[in-house]
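Please look at the structure shown here before reading the explanation below it.

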Amino acid sequence: LVYCYRKPKTKRAKRFLEKREPKLKENTKNAMLIKGGNANSTVTEVLKDIYAVKKPFAVLYKRKNITRPFEDQTSLEFFSKKSDCSLFMFGSHNKKRPNNLIIGRMFDYHVLDMIELGVEKFVSLKDIKNSKCPEGTKPMLIFAGDMFDVNEEYRRLKNLLIDFFRGPCVSSIRLAGLEYVLHFTAVDGKIYMRSYKVLLKKSGCKIPRIELEDMGPSLDLVMRRTHLASDDYYKQSLKQPKALKPKKKKNISHDVFGTTYGRIHMQKQDLAKLQTRKMKGLRKRPGEKSAEDGGVSPKKSKSA
């Protein structure tokens with residue numbers, strides 16, 4: 001909770017605090033893009049392009065901020081509380097670490113994960129003269145490379161990139177809305193980020209022919225320093241409230257193919273008394289009925 005000890009004096013302040021209260025289903029995560037005190041033109045353009053991709057769920061700080069996230073994280077936590085952002089990207093440039101980007105996320109307004117990436121090659125949105133996707137388009141994320149599954153740092157980076165670019169959660173998808181692809185490839189110690197626009201062409205059948213058109217931005221990145229949360233702290237950040245957890249239903253099971261099986265409990269039945277279809281051939285004769293009763297059927301006396 002932010003500023004929960006303050007009692008709001010106006011209705012506007014009350015609505016502001018209610019928006020920041022914990023919810024069962026949290027809002028879409030916002031990202032803040034911050035320039036360091038010695039950011040050059042390349043880093044500035046990278047932050048502007050990432051901001052264009054993330055809009056409207058991003059805040060771009062245009063002024064330079066002299067801070068070092070790996071040494072002191074108080075300023076990042078202050079900006080996180082001020083702008084209500086749980087994701088951040090910090091850009092800086094110096095002789096030791098040129099064209100430096102730090103991508104990270106917060107938990108309870110404290111830094112959870114932080115990974116430093118170096119930009120070796122950059123192609124801006126302006127440099128590629130193609131049509132762009134409209135603002136707020138939810139991207140499709142593709143990850144290629146064994147490093148994203150084998151190495152722990154790359155695995156955490158993959159999870160962080162998904163968290164950063166995933167956008168809002170949607171309940172349904174239409175085919176025409178799938179028009180933006182972000183592709184990440186990890187090979188030979190480098191991470192290649194490419195963005196494409198999906199073009200749906202006529203194919204002569206119901207399924208359209210798909211073509212990818214380079215849209216930008218394009219980044220060649222290399223991993224530098226990392227600051228990963230401990231297992232306990234990371235596990236704490238993944239906890240869900242009990243109200244969201246699905247209630248377990250009794251006597252229901254699923255197999256490997258997803259088929260649902262239900263178990264029904266019934267009382268023991270006497271199959272001898274089970275009512276079957278009535279047929280003349282199944283009727284019991286009088287002799288059979290008396291044999292079941294354990295007696296002998298009396299003979300009918302002839303009338304005089």
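A residue is called buried when its relative accessible area is under 20%, exposed when that area is over 50%, and partly exposed in between. The model discussed here is predicted. K55 has a relative accessible area of 26%, so this residue is partly exposed. E135, with 55% relative accessibility, is exposed.

Side chains of opposite charge can pair when their charged atoms come close. K55 and E135 form such a salt bridge, with a distance of 3.9 Å from N to O. K55 belongs to the loop between α2 and β2, and E135 to the loop between β5 and β6, so the pair ties together parts that are 80 residues apart in sequence.

The structure holds 14 salt bridges. Another of them joins R156 to D113, whose closest N and O atoms are 3.2 Å apart. This pair links helix α5, where R156 lies, with strand β5, where D113 lies, across 43 residues. Both R156 and D113 are buried. These two residues also take part in a network of salt bridges together with K29, R105, E152, R155 and D163.

The surface also carries patches. K11, R12, K14, R15 and K19 gather in one of positive charge. R12 is part of helix α1, which spans residues 11–19, and is exposed at 68% relative accessibility. A nonpolar patch of about 400 Å² is made by L175, L200, I210 and L212.

Conventions. Residues numbered from 1 in each chain as written. Predicted model: local features only at pLDDT ≥ 70, side-chain atom pairs only at ≥ 80, totals over all residues. Heavy atoms only, no water. Patch = residues over 30% accessible without salt bridge, like charges linked within 9 Å, V, L, I, M, F, W, Y side chains within 5 Å. Areas by Shrake-Rupley, 256 points an atom, 1.4 Å probe, with all protein chains shown as cover. Salt bridge = Lys/Arg side-chain N within 4 Å of Asp/Glu carboxyl O. Lys, Arg positive; Asp, Glu negative; His and termini not counted. Charge placed at Lys NZ, Arg CZ, Asp CG, Glu CD. Helix = DSSP H or I, 4+ residues; strand = E, 2+ residues; numbered from the N terminus. Buried < 20%, exposed > 50% of the residue type's maximum accessible area, 1.4 Å probe, protein only.
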